[in-house]
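Welcome! Below is a short tour of one protein model, taken a few features at a time.

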Amino acid sequence: MALDNRASHYQKGNLLMTKTYIKHLNIVAIPLIIQFITNYILGLTDQAIIGRISTEAYGAVGVINSFNFMLLGIVGSTAIIFNIRAGKRLGCNDVNAFRQEFVAAILLGLMIGLTISAAVFAGKSFVLRKIYGFKGEIFTEGIKFFTYICPYSLLQMQLFIFGQYYKIKRKTNWLLAGSLISSVLNIVLDFLFVLGGFGFPRFGASAAAASTILSMAVNLLILWYYSRFDIEVHLAKLPLYFSIAKQQMIDSIPLMGQEFFEGSVFVVVLNSIIARIGVIELSVYLILQQLIKFLLVPMNMYSSAALTLISQSRNDKQALKIFPRLASVLSLAMYLLIAAVLLIFRNQAAHIITDDLQVISKTSKILPLAVSCYLFQIPAVMYKNALFALEKSSYVLYSTAIVNTIILGAVSFLLVFGKIGLPEILGCQFFTFVVLFLLYRWKYYK
């Protein structure tokens, strides 16, 4: 009887502890999920407004935004390193070291942002003419937008850093508030000065860029105001700040390499392979990517929350063990719930993106397979971020590079010597996610 009572108390203790860990994950992740969905809807509205300038303006703005996203997606890894290092300091209750990491990250972000902004401003004509082949009206609209959007990198780097700060502090509700205010402001300014609402003059693409920059500045001001007490700058400590910033940059190199390989090289090569199968197949695949991307929103937010919490829990073995598992389970549950709705309305979902009936039909047929093949990406990303939190990013880089290279080789071989279609492509991606999950999990618990 006494043994049964002890077992019952043990189970209750475990259940209570699990609920506590879930609460910690949700505190960070739920506002981020709401933030993404809100920004996604407002972003579509913003695109619709810009699309009413002209087809050329819409195309130019879309290409330039993609170019900026690609650059910032790589160098933004420094903000993740700040999260890991600063979270570790805060987890040890070393507030001074945490604040030094914060100031150093801000300085590093300023240096990277200013460098990219200056380079983009100086080379905007080259980028549009030589890389994208713009000429005529689309080049003119592109130059207008590029000229005013140049501070984007500077502001976005700071927003990345302040975003990580609020994740570490578990105050992501401020990220939601700042993002919502800036997004609404952006749409209002676009309506007034891009479309000429209420009789205001129409400035076209230039106004679209200026409203984006102003909205980002307002967002940054909000985030700065509520974090200002942790920004302590002492001139005598400048050498220390630069030394920490240098180390943050060095630590981020494996993450940049992993992002460059997986987020840029792998995607470009795979898309080029699919394009050789057929234009219809490429269109279907790109639509599948857009739909799956939305399904994976909870994964991205919970993986970010897990990275933050693991960084702060180095001495809590139970937390280190359970956070990746709980984050995976919560993300999978949301993924399956949203996927069930998407599969019911899969024809309508595809029709939002295209009106090509053949593409819609093929997308609808293959979507259930795509949803199944991406299931293992969720735990793979959770354990990848968990390894980042434990400062094992070099292992992630090597594993990603080797596995993806093998998969691309296999797909290329099938393309040349055999028959391959989208089901085979998705099957190869499923295999990639399973292998990476097993490798990451093994390394994490080793």
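The side chains of Glu141 and Lys144 form a salt bridge with an N to O distance of 4.0 Å; the term stands for a side-chain nitrogen of Lys or Arg within 4 Å of a carboxyl oxygen of Asp or Glu. Both residues sit in helix H5 (residues 137–149), 3 residues apart, so about one helical turn separates them. Helices are DSSP runs (H or I, at least four residues), numbered from the N terminus.

A word on the basis of all this: the model is predicted, so local features need pLDDT of at least 70 and side-chain atom pairs count only at pLDDT 80 or more, while totals for chains, interfaces and linings use all residues. Residues are numbered from 1 along each chain as its sequence is written, and side-chain values use heavy atoms, with hydrogens and water left out.

## Bridges across the sequence

How many salt bridges are there? The count comes to 10. One of them joins Asp251 to Arg85, with the closest N and O atoms 3.0 Å apart. Asp251 belongs to helix H9 and Arg85 to helix H3 (residues 77–91), so this pair ties together parts that lie 166 residues apart in sequence. Arg85 is buried, at a relative accessible area of 11%.

Glu232 and Arg99 make another salt bridge, and their closest N and O atoms are 3.0 Å apart. Because Glu232 is in the loop between H8 and H9 and Arg99 is in helix H4 (residues 95–131), the pair links parts 133 residues apart in sequence. Glu232 is partly exposed, with 32% relative accessible area.

## The enclosed space

Next, a look inside. The model has 1 cavity of 30 Å³ or more, and the largest cavity holds about 30 Å³ of space. A cavity is a set of points on a 1 Å grid over the protein atoms alone where a 1.4 Å probe fits but cannot get out, and lining residues have an atom within 4 Å of a point. Grid points are joined across faces, edges and corners, and the volume is the space filled by probe spheres set on the points.

Which residues line the largest cavity? They are Phe266, Leu270, Ile407, Leu408, Val411, Ile425, Cys428 and Gln429. Helix H9 (238–277), helix H16 (393–417) and helix H17 (422–445) are the elements that each give two or more residues to this lining. By class, the lining has 7 nonpolar residues, 1 polar residue and no charged ones.

Leu221, Trp224, Tyr225 and Tyr226 make a nonpolar surface patch of about 430 Å². Such patches are built from residues with over 30% relative accessible area and no salt bridge, with nonpolar side chains (Val, Leu, Ile, Met, Phe, Trp, Tyr) joined within 5 Å. Tyr225 is part of helix H8 (residues 205–225), and this residue is partly exposed, at 40% relative accessible area.

## Two loop residues with positive phi

Asn93 is not a glycine, yet its phi is positive, near 60°. Asn93 lies in the loop between H3 and H4 and is exposed, with 68% relative accessible area.

Phe198, also a residue other than glycine, has a positive phi of about 55°. Phe198 is found in the loop between helix H7 (172–193) and H8, where it is exposed, at 72% relative accessible area.

Notes
1 Å grid on protein atoms, 1.4 Å probe; cavity = no way out; pocket = protein on both sides within 12 Å on 5 of 7 lines; lining within 4 Å. Nonpolar A, V, L, I, M, F, W, Y, C, P; charged D, E, K, R; others polar. Patch = residues over 30% accessible without salt bridge, like charges linked within 9 Å, V, L, I, M, F, W, Y side chains within 5 Å. Areas by Shrake-Rupley, 256 points an atom, 1.4 Å probe, with all protein chains shown as cover. Buried < 20%, exposed > 50% of the residue type's maximum accessible area, 1.4 Å probe, protein only.
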